[in-house]
Amino acid sequence: MSFWFDMVLWKRILIALVLGALVGGLAGESIQSIAWIGELFVRLIKMLIVPLVFVTLVSGVVSMDDPKRLGSIGGRAIALYMITTVAAITIGLVLAVLIHPGAGIDLSGATPAELQAPIALKDRLLAIVPVNPFAAFAQADLLAIIFFALLTGTGLLLIGEKGKILADAFQAGSDLMLSITGIVMEFAPFGVFALIAVVMGTNGPQTFIYLFFLALVVVLGCALQIVLTQAFLVKFLARLPVMPFLRGAREAQLVAFSTSSSSATLPATLSAAEHNLGIQPAVASSVLPLGATINMDGTALYVGVVTIFAAQAFGIPLDLTDYILIGLTTTLVSVGTASVPSASLFLLAAVLETIGMSPEQTALVVGFILPFDRILDMTRTVVNITGDLSVATVVAKWEKEIDEDTYRAAPTE
């Protein structure tokens with residue numbers, strides 16, 4: 001066993017991912033007997049999210065020493081998140097128009113899916129402020145928790161020495177949660193093996209056969225978003241080499257691929273930011289939780305692509321105004337998307353409505369795609385968390401909150 005545990009974690013996760021795909025493909029539906037192992041891993045990391053976000057964010061704010069820096073870091077992060085989201089939508093729309101993934105698709109045999117009503121923007125904004133912070137903790141409402149944590153940290157900054165004991169306690173709590181995260185991540189290879197095996201055993205590679213052109217657009221778009229947008233931020237805005245960034249992000253990317261959830265990947269993302277990329281807690285603990293809730297590059301790209309796919313399938317002509325409306329609406333609905341598998345599919349109603357598609361047609365589109373969505377969801381979740389890390393890297397460099405020696409360090413194994 002020493003050989004296994006002496007191996008660097010990302011290699012163990014990658015080996016588990018490949019073995020899981022092979023075993024799941026061979027075993028078929030019977031592989032569901034080990035699904036509980038993957039569910040256990042997801043429960044373990046979800047267990048960490050609320051306390052990890054709260055204590056690390058409060059600790060990070062306190063470590064800034066100046067409330068003004070909170071506005072600087074937050075403002076820069078939100079601006080960059082919006083830029084990457086718009087870039088993702090643009091890439092998705094251009095590829096969908098060029099490749100025509102919906103041309104010739106017959107949706108008549110699809111089973112309509114029940115859709116949730118679109119959430120109004122004002123309701124999204126009001127939900128950020130929790131009526132009861134303890135209820136927000138119980139419901140794992142990340143945006144509300146982030147808001148309360150920011151207020152708590154700012155309050156501790158303002159009272160100065162009077163709050164030192166409590167500030168030290170939050171710092172100790174942050175160290176504790178990161179230590180627990182390290183323990184849980186040792187279980188990641190086994191959880192990843194089970195999650196991937198079940199996906200391959202129940203869905204299989206035929207996912208890409210049934211929806212080949214849609215899958216092609218999504219996967220190609222995700223790759224271009226990482227290379228053209230996120231790597232661009234690191235290279236030209238942070239003025240840092242790209243390869244150490246991609247190397248440092250890979251553990252979090254592998255966890256994101258297996259869980260299909262940005263929020264469930266957050267513990268791994270925070271760990272990668274601080275230990276692999278040298279991003280200091282003041283930035284990592286404030287920018288990354290925010291990104292896990294409002295930065296959905298992959299989701300935005302995917303919703304844009306599926307909208308064009310649906311218009312092509314139903315023969316709905318689109319002009320420049322329609323594309324602009326799709327881009328604006330997709331940007332709005334992607335902010336605050338639930339960070340759970342396939343959640344973005346159920347936001348389509350608001351976007352498809354802008355091009356005149358009926359609720360019945362929207363339900364058919366979602367019903368057609370939903371059975372094959374999981375693998376595509378895994379791919380776009382990787383883009384989401386890579387975007388979080390790229391923005392955190394840029395903000396950390398601008399704020400001089402990055403250890404470049406750690407960032408540039410060659411892997412030890």
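## Phenylalanines of helix α11

Phenylalanine 232 counts as partly exposed in this predicted model, because its relative accessibility of 41% falls between the cut-offs of 20% for buried and 50% for exposed. Phenylalanine 236, at 48% relative accessibility, is likewise partly exposed. Both residues lie in helix α11, four residues apart, which is about one turn of the helix. An α-helix has 3.6 residues a turn, so residues three or four places apart point the same way.

## Aromatic pairs

The count of aromatic pairs comes to eight. One of them joins phenylalanine 212 and phenylalanine 213 in an edge-to-face arrangement, with 5.2 Å from centre to centre and 75° between the planes. Phenylalanine 232 and phenylalanine 236 form a tilted pair, with centres 4.9 Å apart and planes at 35°. Elsewhere, Phe54, Phe137, Phe148 and Phe170 make up one aromatic cluster.

## A buried glutamine

Glutamine 225 also has its place in helix α11, residues 212-237, and this residue is buried, because its relative accessible area is 0%. Leaving aside residues up to four places away in sequence, glutamine 225 touches several others, including Thr84, Ile91, Asp297 and Val383.

## Helix α12

After the helix comes serine 260, whose phi is positive, near 60°.

Technical notes: Residues numbered from 1 in each chain as written. Predicted model: local features only at pLDDT ≥ 70, side-chain atom pairs only at ≥ 80, totals over all residues. Heavy atoms only, no water. Helix = DSSP H or I, 4+ residues; strand = E, 2+ residues; numbered from the N terminus. Buried < 20%, exposed > 50% of the residue type's maximum accessible area, 1.4 Å probe, protein only. Contact = heavy atoms within 4.5 Å. Phe/Tyr/Trp six-rings, centres within 6.5 Å; stacked < 30°, edge-to-face > 60°.
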